[in-house]
Amino acid sequence: MSKSGMFGRVRFFVYDRGMKGDREDKDIQGHLHPLTQIMREIVDSFVAMGFEVADGPEVESEYYNFDALNVPQDHPARDMQDTFWVKGVPSTVLRTHTSSVQARYMEKHKPPFKIVVPGKVFRYEATDATHEAQFYQIEGLVVGEDISLANLKHTLNEFFKRLYGPEANIRFRPSFFPFVEPGVEVDVSCFKCDGKGCGMCKQTGYIEVMGAGMVHPNVLKSGGIDPKKYSGFAFGTGVDRLVMLKYGIDDIRLLYAGDLRLVNQF
Amino acid sequence: MNISISYNWLKSHFDKDIPNSGEFVGILTKNLAEVEGVEIRGDDTIFDIKIMPDRGHDLLCHKGIAREVSVLSGVPLKNEKRKTKNKKSSPATMLRVFVEDVKLCPRYMGLVVENIKVGDSPAWLRTRLESVGQRSINNIVDITNFVMLEIGQPMHAFDLGKLATNDKQQTTIEVRKARGGEKITTLDEKEIILTPDTLVIADSNQALAIAGIKGGKDAVVDGATTSIIFEAANFNAVHTRKTAQRVGIRTDSSKRFEHGLSPSLVSDAMSLAVEMLVELCPDAIVGEAIDVYPEPQQEKTITMSVKDINGILGTTLSGDEVEKILNRLDFKNERRGEIFVVTPPLLRLDLVIKEDIAEEIGRVYGFDKVIDAPLPPLSFTPKPLKEYYYANMIRDTLVAQGFSEVYTSSFQKEGVFAVENPLALDKAFLRKDLATNIKQSLELNTYNAPLLGLDEIKIFEIGKAFPGVMQEKLLCVIGIEMVKTNKKKAEITREALEQARTLLGEILENPIDGEFSENIFEFDLGAFLDKLPEPKAGEPFTSTSTRYTKFSPYPFMLRDIALWVPEGISVDDVLSVVSSEAGELLRTKKLFDVFTKEFPEGKKTSYAFNLVFQSYEKTLSDEEINSIMERITTTLSAKSWQVR
């Protein structure tokens, strides 16, 4: 598709030498940031499953970030202790999740559809090794006729098998998010020990990776979709955590430090 | 919100055995809520359970968890009949209750108890409270805390003797907004000035408590107390949360009210409190409860069909199975064939629509039993997104040219578009461009260039920037820093940037315009995308599976070494000697010069290396490195290689 033929997938020079070992001047290749690598791998897996990539703004209206997602007017998530508000523009926030793209997309597209939405999100949170005020999420949304929780389970199982291999499997646990009902927490069998139990999964065999559920009828209504005719599911995952787990990075702030001591290891 | 649950306390709700603590954790995790901690304390086990916000109405207490244990394990709850007080008694003081705004206080129940003796709680009560980290205060206060931890309804007790009484022996409790300038002093001597939108509990003189949040010092129950007013009330969730935030006090009580409680709990709480009090103070004179509850909570019904439930869950449950689960949940229901009219318990404020019932059925049935089913065929043709596809094309092009990708913060010290509530002064604005951050990144990485083994730092970032209020642009920035200073540095840098720009333009079949500033080139990728055709999806990407190695926070030190070796001795031969002598502290070694020359005794090769030393534990001293270098030199020389 390109004149030089250099596209498709770029093969990466793998530094398994790390910082402790030798570093020689052999590689002329640069390095893709680990966030990009994991994000692309996830998004491309969904694309291979027939999903469309969609996006939305980082500065978002309170409506799309909260109201349209069935988050009550007085919900604590809207407080200044949880959400960044921008100055000089009323009812406008830095989006707190990529779920804000749900109603935006629904308004412009008729079902059925399957979308995946990568993007940066923001939370008012003091930063430390495990917390950042900015991080990346990937949201998925499927709306159509006769869509059920069993379809969600199948879709996510297929996805994690693509990502972590055929042995990977998921489990649902009860959870709560205002924009889904029922809502579940998704655990995937530990990719390090294949579910046997190890340090990474705290001996449970599973790693918590996603929030998900059936799209709340109020959200469909906000997007102009008739909940009597259509149903759907949504899921969302934090990319930074997956990056840190996979590569053993112990400080999230390093991901945003512009520091090649991190990037050039990948 | 997390709650501590005592296994022994839980067991008191059952006549029969309940699942052991291991099974309990399993059942809860799978069917109800995450157990985040298990701690064995003496003969008890304490669980730290994360209750989801929608279940704050009914699960922030032992009885709530016990109900779930019963639903999920099938072990019936003990039949708990409240012992009604049998002795007629009428206190000397008459209580009147005035509620100003029913929206803020949907229900208020007050009750006078006289002739009590304040003292230590019995051992069983102390044990219960202490097991979940609640300090025992005295029998009266302990009763109110026990009731809250048992059934989830916060309570309060006022010393009646400290309250205003009129000449007819009447005491009035007012639930009202604070008056201008009104103050309250808490038990820990903190004086709080009450704003007029604070809801208070007052007698006819003064505020005694901040409703649902904290009691004041003036009506505290202490050793001298002989008569009290028990309060069980329902306060508005949002109002309580906002007040708690404003006064900066969050208590176990306010946290429960913040979730919204059913007013129906109020009378249950009062009955339990009175029963306990009569047991602890048999001579107590208990008055009639004054119950201000003008709009009692009504039961609500949800109509749903078996088909609805199976449609949402993707299951094949029969009507009988659905009915069985509803009965296990103790949800009143009327069945007409495949249609159910469900009446959820009053406590379950979270159950409003049929999807809510589907979730209840799903979790009790077990989400693990929901069998995977592929999506029905959807007539949908995905369109590749330009922002995604072309950004990745640029990334791959630049990486192939030796550029590395960085991510930097969206917040900056200076900018145009500000955040209302910044985390810090140097994060007050959204970044107006990417160039500012890239400049810093270039500096940082130039400093570390020897460690990285790089002669030039070549980086890029793609991301959103905010050059004006409500302006959001997708930008791409490229930065180059030639580490080795050179007379023509500026020229060469510019040339390299131009080259990258030209290459990108060729790949994307459109010339790229942007801004150069010294060693940085930035362009508006979002605007550029408009010129590009609809893309096609690329091949799926696979991430590298390398493992990250933490880098040292300590400074590094540089040394060069050059030597002559007989021709035929390879770089690796030399390096293996250098590495083994240098040991753990050698971080990076780089060959920077090599040539061969004829000597009378034969051909010789000259190698020159940069060596970078760094410790993970400390800042290295010159002496330490010098002695390592000496060791290397000695060993190399012993091989008759000439270190120059």
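Because the model is predicted, local features need pLDDT of at least 70 and side-chain atom pairs count only at pLDDT 80 or more, whereas totals for chains, interfaces and linings use all residues. Residues are numbered from 1 along each chain as its sequence is written, and chains are lettered from A and ligands numbered from 1 in the order in which they are written.

View 1. The C-alpha trace of chain B spans about 125 × 65 × 55 Å along its principal axes. Chain B contains 18 helices and 29 strands (DSSP runs numbered from the N terminus, helices being H or I with at least four residues and strands E with at least two). The domain assignment lists domain 1 (2-73), domain 2 (94-292), domain 3 (302-369), domain 4 (386-529) and domain 5 (557-643), with bounds that come from an automatic or database domain assignment. Between domain 1 and domain 4 of chain B, the C-alpha centres lie 53 Å apart.

**View 2. The contact between chains A and B.** The contact takes 98 residues from chain B and 99 residues from chain A (two residues are in contact if their C-beta atoms, placed from the backbone, lie within 7 Å). On the side of chain B, helix α12 (residues 386-400) gives the largest share, ten residues. By class, this side of chain B has 44 nonpolar, 28 polar and 26 charged residues (Ala, Val, Leu, Ile, Met, Phe, Trp, Tyr, Cys and Pro count as nonpolar, Asp, Glu, Lys and Arg as charged, and the others, Gly among them, as polar).

**View 3. Surroundings of B:Y390.** B:Y390 is placed in helix α12 of chain B. B:Y390 counts as buried because it has 21 C-beta neighbours inside 10 Å (buried: 20 or more other C-beta atoms within 10 Å of its own; exposed: 12 or fewer; partly exposed: in between; C-beta atoms are placed from the backbone). Not counting residues up to four places away in sequence, B:Y390 touches B:L508, B:L529, B:L532 and B:P535. The C-alpha atoms of B:Y390 and B:L525 are separated by 9.2 Å, although the two residues are 135 apart along the chain.

**View 4. An open sheet in chain B.** Five strands form this open sheet in the order β4-β7-β10-β11-β12, with mixed pairing (two strands pair if DSSP finds at least two bridges between them). The edge strands β4 (94-99) and β12 (214-215) of chain B each pair on one side only. Strands β7 (residues 170-177) and β10 (residues 199-202) of chain B run antiparallel and are joined by four bridges. Here B:R176 stands opposite B:V200 in β10(B).

**View 5. The buried strand β7 of chain A.** Ten of the ten residues of β7(A) (residues 180-189) are buried, so the strand is largely enclosed by the rest of the structure. A:V180, A:P182, A:V184, A:V186 and A:V188 point one way, and A:E181, A:G183, A:E185, A:D187 and A:S189 the other way. Six bridges join β7(A) to the antiparallel strand β6 (residues 170-175) of chain A, and a hairpin of four residues connects β6(A) to β7(A). A:P174 has A:V184 as its bridge partner in β7(A). Strand β8 (residues 206-215) of chain A also pairs with β7(A) in the antiparallel sense, over eight bridges, and A:I207 in β8(A) is the bridge partner of A:V188.
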